[in-house]
Amino acid sequence: MDRIVHLSIKVENLDQSTKFYTTVFGMEVLGTERKPGRTTRRLSDGHLDFTIMQYDSETEQDASLSGEGPCIHHFGVEVGDRADAIARISAAG
């Protein structure tokens, strides 16, 4: 079954966002990692790999890839048959 298995969003405040997602949705913190220009925190509800990231500045190169401010940064889809998924994606334009 094809499904979204990973979602990553930009946030303005990592700690406030962590509190929100753990309190409201019961997510568990799996870890925090410092990367160039940003801090990322991995969370999960047991099914979805959910990452929140706070950039040091909106001038960081990767920060502008998805737009300014809080937003979806990227997502990952797991597919059962890669060749079939590529064919369906191509057919859909």
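Student: What pattern does the protein follow along the sequence?
Tutor: The protein reads β-α-β-β-β-β-α, with helices (H or I, at least four residues) and strands (E, at least two) taken as DSSP runs numbered from the N terminus. This is a predicted model, in which local features need pLDDT of at least 70, side-chain atom pairs count only at pLDDT 80 or more, and totals for chains, interfaces and linings use all residues. Residues are numbered from 1 along each chain as its sequence is written, and side-chain values use heavy atoms, without hydrogens and water.

Student: How many helices and strands is that?
Tutor: There are two helices and five strands.

Student: Which residues form the largest nonpolar core?
Tutor: Nine residues form it: Ile9, Val11, Leu14, Tyr21, Met27, Leu43, Leu48, Phe50 and Ile52. Such a core is a set of buried Ala, Val, Leu, Ile, Met, Phe, Trp, Tyr and Cys residues joined through side-chain atoms within 4.5 Å; buried means under 20% relative accessible area with a 1.4 Å probe, protein chains only. At least two residues of this core come from α1 (14–25), and at least two from β4 (49–55).

Student: And Met27, what is it in contact with beyond its neighbours within four places in sequence?
Tutor: Met27 is in contact (heavy atoms within 4.5 Å) with Tyr21, Thr22, Leu43, Ser44, Asp45 and Phe50.

Student: What share of the residues is buried overall?
Tutor: Of the 93 residues, 31% count as buried.

Student: Changing topic, what are the dimensions of the box?
Tutor: Along the principal axes, the C-alpha atoms fill a box of roughly 40 × 30 × 20 Å.

Key: Buried < 20%, exposed > 50% of the residue type's maximum accessible area, 1.4 Å probe, protein only.
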